[in-house]
Amino acid sequence: MPIKQPRRFVTTDQGHADVLNVPIDTLYENDQALAAQIENIKNDPAGNDIASKAALDNHVSNTDLHVTAAKQATWNAAEGNAKKYTEQYAAPKAHTHPASDLPSASTQARGIVQINTSVSSTSTDQAAAPIAVKTAYDRANEAYSRADQAFTHAVDLKNKIVGAINGKFGGASSDMSSDQIAAAITNAPVKRFASGTFNGQSATSIGISSGADLSLAASGLGFSPNGIFFRVEFA
């Protein structure tokens with residue numbers, strides 16, 4: 001008959017279970033060794049294997065290695081005490097806890113958290129719901145799209161301004177900064193002109209067939225001209 005391994009104690013208090021299971025495991029190992037010795041004797045009926053025979057004799061004579069009624073009673077009592085301890089102090093496998101018994105999570109410790117759908121909350125003990133993450137993601141995409149459009153429009157406007165400057169007087173390029181473009185416009189050469197009416201200076205002539213002397217003056221232009229051209233009509 002094959003040797004069966006004894007049933008080990010199983011409790012929720014592993015410390016108590018180990019105290020009871022260690023001697024059980026030792027007995028099982030000894031029985032396994034005894035079975036091996038018996039097999040050796042069967043294979044060598046004449047007893048030529050002296051070491052195996054001596055080990056068998058020692059095992060038979062050592063009463064501490066055998067389960068007696070007293071030992072079994074002690075183990076049964078210990079098992080009963082372990083069960084009572086488990087029923088009294090250990091939590092059952094299936095049980096619940098009120099939320100007040102569980103610690104709240106924080107940035108320093110683990111714990112339970114409450115789901116939050118807000119995208120502007122600053123809480124450190126709540127977790128973002130998927131809808132909150134999706135909302136933040138959509139807003140970020142929208143902001144990125146608008147920023148990209150604004151950048152494209154700014155580049156297009158800059159290129160048009162540079163083109164207009166170069167079409168008039170030159171000196172601008174698309175790699176200039178905004179300050180450099182403004183300076184190019186400010187320092188560009190400018191043509192100014194002014195118009196007005198005769199201001200009363202007199203003209204004299206000796207005769208119809210002779211020349212006439214005319215004295216004209218320009219003032220109040222607001223700038224210093226390089227040259228002045230007058231257009232005079234005589235009625």
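Biologist: What makes D138 and K134 a salt bridge?

Modeller: A salt bridge is a side-chain nitrogen of Lys or Arg within 4 Å of a carboxyl oxygen of Asp or Glu. The closest N and O atoms of D138 and K134 are 2.8 Å apart, so the pair meets the definition. Side chains of opposite charge can pair when their charged atoms come close.

Biologist: What are these values taken from?

Modeller: This is a predicted model, in which local features need pLDDT of at least 70, side-chain atom pairs count only at pLDDT 80 or more, and totals for chains, interfaces and linings use all residues. Residues are numbered from 1 along each chain as its sequence is written, and side-chain values use heavy atoms, with hydrogens and water left out.

Biologist: Where do D138 and K134 lie?

Modeller: Both are in helix α4, four residues apart, about one turn of the helix. Helices are DSSP runs of H or I with at least four residues, strands are runs of E with at least two, and numbering starts at the N terminus. Helix α4 spans residues 130-168.

Biologist: Why is D138 called partly exposed?

Modeller: Buried means under 20% relative accessible area, exposed over 50%, and partly exposed in between (1.4 Å probe, protein chains only). D138 has 34%, so it counts as partly exposed. K134, at 44%, is also partly exposed.

Biologist: How many salt bridges does the whole structure have?

Modeller: The search finds three. E142 pairs with R146, with closest N and O atoms 2.9 Å apart. K160 pairs with D156 at 3.4 Å. E142 and R146 both sit in helix α4, four residues apart. K160 and D156 also both lie in α4, four residues apart.

Biologist: Why is R146 called exposed, and what is E142 called?

Modeller: R146 has a relative accessible area of 56%, so it is exposed. E142, at 42%, is partly exposed. K160 is exposed at 56%, while D156 is partly exposed at 39%.

Biologist: What makes L157, I161, F169 and I185 a nonpolar patch?

Modeller: Patches are made of residues with over 30% relative accessible area and no salt bridge; like charges are joined within 9 Å, and nonpolar side chains (Val, Leu, Ile, Met, Phe, Trp, Tyr) within 5 Å. L157 has 51%, so it is exposed. L157 lies in helix α4. Together the four expose about 340 Å², by the Shrake-Rupley method with a 1.4 Å probe, where for residues only the protein chains shown count as cover.

Biologist: Which residues form the largest nonpolar core?

Modeller: V162, I165, A172, M176 and I181. Such a core is a set of buried Ala, Val, Leu, Ile, Met, Phe, Trp, Tyr and Cys residues joined through side-chain atoms within 4.5 Å. Leaving aside neighbours within four places in sequence, A172 is in contact (heavy atoms within 4.5 Å) with V162, I165 and N166.

Biologist: How many of the chain's 235 residues are buried, as a percentage?

Modeller: 13% count as buried.
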